[in-house]
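Me: I would like to learn how to read the features of a structure, one at a time. Please give the general idea before each case.

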Amino acid sequence: MTTVIIKYNAGNIQSVLFALERIGVTATVTDDPEAIRSADKLIFPGVGEASTAMNYLKERRLDQLIREARQPLLGICLGMQLLCAHSEENDTPCLGIFDVAVKKFVSPDLKIPQMGWNRIHTKENPLFKNVQQDAWCYFVHSYYAELNPATIASTRYATTFSSGIHRDNFYGVQFHPEKSAEAGEQILKNFLAIGATSK
Amino acid sequence: MLAKRIIPCLDIKDGRTVKGTNFVQLRDAGDPVELAMRYCTEGADELVFLDITATVDKRKTLSELVRKIATHINIPFTVGGGINTVDDVSVLMEHGADKISVNTSAVKNPQLVSDLARNFGSQCVVVAIDIKLFDGVWKVVTHGGRNATDLIAAEWAKTVADLGAGEILLTSMENDGTKSGFAIDITRQISQALSIPVIASGGAGTMPHFKEVFEAGAADAALAASIFHFGEIEIGALKNYLKETHIPVRL
């Protein structure tokens with residue numbers, strides 16, 4: 001099985017690589033279209049700013065490649081937000097795989113970004129197999145995907161937002177499974193165990 | 001609901017923890033990775049590794065250690081101590097650090113904070129601020145508390161937040177080592193004035209001290225070293241206590 005971490009100009013992907021290593025998976029970090037097309041699993045991580053990331057993806061035509069992915073793909077944090085339709089962060093049109101808006105947290109009394117451990121309330125989904133209900137996961141973000149029909153996990157911070165989404169072969173999580181202790185490790189294992197589905 | 005974080009701090013010299021521990025269960029109390037893994041098991045929410053190595057090989061030893069930590073630890077960790085440049089941080093990030101902390105170097109060169117935020121994102125830039133009381137005014141001190149500055153603590157905190165710091169690690173040198181509790185007033189003042197999280201440090205001696213700094217001090221996280229290393233407070237027991245007293249914690 002080949003696992004590819006899609007390389008683009010967004011933040012620290014080393015920790016994803018190390019997390020996979022901890023569960024015995026060697027992943028390749030690449031932006032090579034052929035390697036991405038032929039991978040069994042795709043991980044689309046990211047920390048950073050939406051418009052810069054989208055521009056980078058478009059310049060390298062990675063945007064189309066991601067939309068056309070047939071294999072299971074997991075977007076993490078900014079990666080999940082980029083799978084959505086539009087982000088309020090610099091008014092950025094995103095990949096549109098999920099017809100969902102990404103908005104900025106607004107709160108008079110809460111700190112923004114949300115940084116730290118919060119709970120995920122999960123629906124039954126292969127991604128959350130053997131993960132305890134309301135498990136604690138590690139979040140760092142100022143923008144969130146609204147609740148929508150593809151929501152598979154929700155979390156409360158200023159509002160209730162999508163901490164997990166799923167449609168066909170596309171999965172997204174707002175938290176960082178690579179930094180979310182045992183729950184995160186289980187989610188990564190679950191993702192890697194998901195069989196390829198056709199759209 | 002976002003949990004309040006408990007963060008043990010490990011002092012590192014030449015790739016080994018110093019100050020030691022009394023964890024008899026550890027095969028090697030000087031091995032930072034073994035100690036870190038123990039804290040993870042006990043329920044630590046994050047870890048801070050503070051490197052106090054002064055040798056020329058510092059960068060190499062530290063980056064090797066960071067890689068070793070990154071391959072074993074499944075919670076976020078911060079690395080600090082003697083970070084002066086964007087290149088210093090690049091090396092640490094490539095080896096798997098999640099966050100870095102700068103202290104004296106940020107006071108000398110505030111531009112460093114914005115350079116780091118621009119290059120790596122605010123989420124990984126922790127600015128450590130050491131503070132001391134001078135005639136009733138909290139001011140910033142550097143070089144581990146040895147050098148005084150004219151910077152007013154609350155103003156400096158606001159400055160680094162504006163420059164792009166993602167978190168503030170606030171250590172009261174008045175309280176550090178006293179085990180008499182955290183510096184509540186200044187922690188609350190800074191935490192309430194800023195939209196970024198504040199990690200309180202210095203003075204933890206009992207479990208109620210943590211409750212106090214989270215409630216009255218409005219801290220987002222609390223850091224301690226010796227009380228954890230010497231088993232005076234066990235992290236699991238501390239979190240159970242906090243939960244019972246209605247502080248949200250990850251259990």
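Reply: A salt bridge is a side-chain nitrogen of Lys or Arg within 4 Å of a carboxyl oxygen of Asp or Glu. This is a predicted model, in which local features need pLDDT of at least 70 and side-chain atom pairs count only at pLDDT 80 or more, while totals for chains, interfaces and linings use all residues. Residues are numbered from 1 along each chain as its sequence is written, chains are lettered from A in the order in which they are written, and side-chain values use heavy atoms, without hydrogens and water.

Me: How many salt bridges are there between chain B and chain A?

Reply: Side chains of opposite charge can pair when their charged atoms come close. Between chain B and chain A there are 2 salt bridges; B:Asp98 and A:Lys179 form a salt bridge at 2.8 Å, N to O. Over all chains the count is 24.

Me: How is the area buried between chain B and chain A described?

Reply: The size of an interface is often given as the accessible area lost when the parts come together. Buried area is the accessible area (1.4 Å probe) that two parts lose on being put together, summed over both. For chain B and chain A this is about 2,400 Å², with carbon and sulfur atoms giving 56%. On the side of chain B, the residues B:Leu2, B:Asn74 and B:Arg250 lose the most area to chain A, together 28% of what that side buries. In terms of contact (heavy atoms within 4.5 Å), 35 residues of chain B touch 25 residues of chain A.

Me: Which partners does B:Arg250 have?

Reply: A charge sits over a ring if NZ of Lys or CZ of Arg is within 6 Å of the ring centre and within 35 degrees of the ring normal. B:Arg250 lies over the face of A:Trp117, 3.7 Å from the ring centre. The side chain of B:Arg250 also meets that of B:Asp45 in a salt bridge (2.9 Å, N to O). B:Asp45 is in the loop between H1 and strand S3 (47–51) of chain B and B:Arg250 in the segment after H10, so the pair ties together parts 205 residues apart in sequence. Helices (H or I, at least four residues) and strands (E, at least two) are DSSP runs, numbered from the N terminus.

Me: Are B:Asp45 and B:Arg250 buried or exposed?

Reply: Buried means under 20% relative accessible area, exposed over 50%, and partly exposed in between (1.4 Å probe, protein chains only). Both B:Asp45 and B:Arg250 are buried.

Me: Where do the buried residues of helix H10 of chain B lie around its axis?

Reply: An α-helix has 3.6 residues a turn, so residues three or four places apart point the same way. In H10 (residues 235–244) of chain B, the buried residues are B:Ile235, B:Gly236, B:Leu238, B:Lys239 and B:Leu242. Seen down the axis, they fall within an arc of 160 degrees (taken from the directions from the axis to the C-beta atoms), so they line one face of the helix. They pack against elements of chain B including strand S1 (5–13) and helix H1 (32–42).

Me: What kind of aromatic pair do A:Tyr171 and A:Phe191 form?

Reply: A pair of aromatic rings is described by the distance of the centres and the angle of the planes. Rings of Phe, Tyr and Trp (its six-membered ring) pair if their centres lie within 6.5 Å; planes under 30 degrees apart count as stacked, over 60 as edge-to-face and the rest as tilted. The count is 13 aromatic pairs over all chains. A:Tyr171 and A:Phe191 are edge-to-face, 6.2 Å centre to centre with 75 degrees between the planes.
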